[in-house]
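Please look at the sequence and the model below before reading on.

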Amino acid sequence: MSRTVPRKVSPWVVYLAVLLVFFVVCYAVWRKEHGGEGLLGTAPQYAYALPEERSAFVGEEGDALLRVTVLDVGQGDSALVELPDGKLMLVDAGDRDAGPKVRDWLLENSLTNIYCIVATHPHADHIGGFVDILKVIGTDLAYLPGRKSGATATTRVYKNFLKAMDKKNLTVRETYAGDYIVSNAVCVVKVLAPEAHVYEGLNNTSICLLVLFGKHKVLLTGDIETPSEKEILERFGDDFRGTTLLKVAHHGSKTSSCEEFLRVCEPDAAFISLGRDNEYHHPHPSLMKRLERWCGEIYRTDQEGTLTFISDGKQFEIQTAK
Amino acid sequence: MRLIVDRIEEDVIVAEMPDMTFVNLPRAVAPKAKEGDQLVISVRRSDPKLREEIEALENKLFEKRADK
């Protein structure tokens, strides 16, 4: 049996230890003041995609923030919503080629603890990437458009997505207009579409989300087209009047973002997610004219890369990767 | 080969191939195709009757050229 005998510590050792702690604290403060993460900080970094100005956000230190990052996934959609209450929502995942890119971005930024995924509708340019992403993220909840809207695809990509969710044993919730994904004292995520009837075309089955935080409203539209937009206007027009940020529907197609919808929405900023020189001629010139008439600033992932909206509920800021 | 129509973007049919890659086709190839439909591509040997007709036409035309 051994005994531990207390030894006398040299004053020099104590002096060196204090000096070391002093230098570590000075270095942490210096890094924080110069835009880097403090040694003890846990805030996610976006170094590869976002500009260094990120640290210069208008909000006060310690404020709860809403952050919506529309990732540059080429011709497709994927957005990470970081809610002010700390929950993360991954809305769409781009196509199969985008999957590894989004997966790596989430891993690099330690954003893998996801509250829920939202597959707005079952087109391959929105759900194709989920199979790769589901392998690394921690989540047990998925929202899909309700089947009464006719949102069933027959592609192998969709089947594989369903299999991946089954393998991960996710709780999959069918979603309809009027549902709430999050509703608490800090923020609200409300579902504005689809309604529980069959639509012509899968685009119109898209889940449309309204995120409310402070005086700001963010509208994530999937690929909704005019029939769905008109239903949303009729039922929820007052809810999203004066939107702060609009994620433009369907990559800037002419069949979406009709005049009446934009007139009510009248967003301060609009994000368009699309691929450079895409074969579908997105964004359509007629849509761009409508946006120029009703929107404040217009940002495009094909020109400015990944786009980020940050709000403290009172003021907002937009950052672009390029 | 069976292609599954994933979606229709403007005048382009985006169809899924058996290996889960996607191909863009002009909508004019199958104007009535809708999402979820299958486009079946099969290969047939050329129709002998059609070949005979074409060859007869060629012979006629070539004779004409030879006459000139």
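Asn169(A) is exposed, with a relative accessible area of 65%; exposed means over 50% relative accessible area, buried means under 20%, and partly exposed lies in between, using a 1.4 Å probe and protein chains only. Asn169(A) sits in the loop between α5 (156-167) and β6 (171-175) of chain A. Here helices are DSSP runs of H or I with at least four residues, strands are runs of E with at least two, and both are numbered from the N terminus. The phi angle of Asn169(A) is near 60 degrees, a positive value in a residue other than glycine.

This is a predicted model, in which local features need pLDDT of at least 70 and side-chain atom pairs count only at pLDDT 80 or more, while totals for chains, interfaces and linings use all residues. Residues are numbered from 1 along each chain as its sequence is written, chains are lettered from A and ligands numbered from 1 in the order in which they are written, and side-chain values use heavy atoms, with hydrogens and water left out.

Ser257(A) also has a positive phi in a residue other than glycine, near 55 degrees. Ser257(A) belongs to the loop between β11 (245-247) and α7 (259-265) of chain A. Is Ser257(A) buried or exposed? Ser257(A) is buried, with a relative accessible area of 2%.

Next come the cis peptide bonds. One runs from Ala193(A) to Pro194(A), with omega near 10 degrees, and Pro194(A) is placed in the loop between β8 (188-193) and β9 (208-213) of chain A. Another joins His282(A) and Pro283(A), with omega about 0 degrees. Pro283(A) lies in the loop between β12 (269-272) and α8 (285-294) of chain A.

Now turn to chain B. Its secondary structure comes to 1 helix and 4 strands, in the order β-β-β-β-α along the sequence. The radius of gyration of chain B is 19 Å, well over the 11 Å that the globule rule gives for 68 residues, so chain B is more spread out than a compact globule. This radius is taken over C-alpha atoms, and the globule rule is 2.2 Å times the number of residues to the power 0.38. Along the principal axes, the C-alpha atoms of chain B fill a box of roughly 55 × 25 × 20 Å. Of the 68 residues in chain B, 26% are buried.
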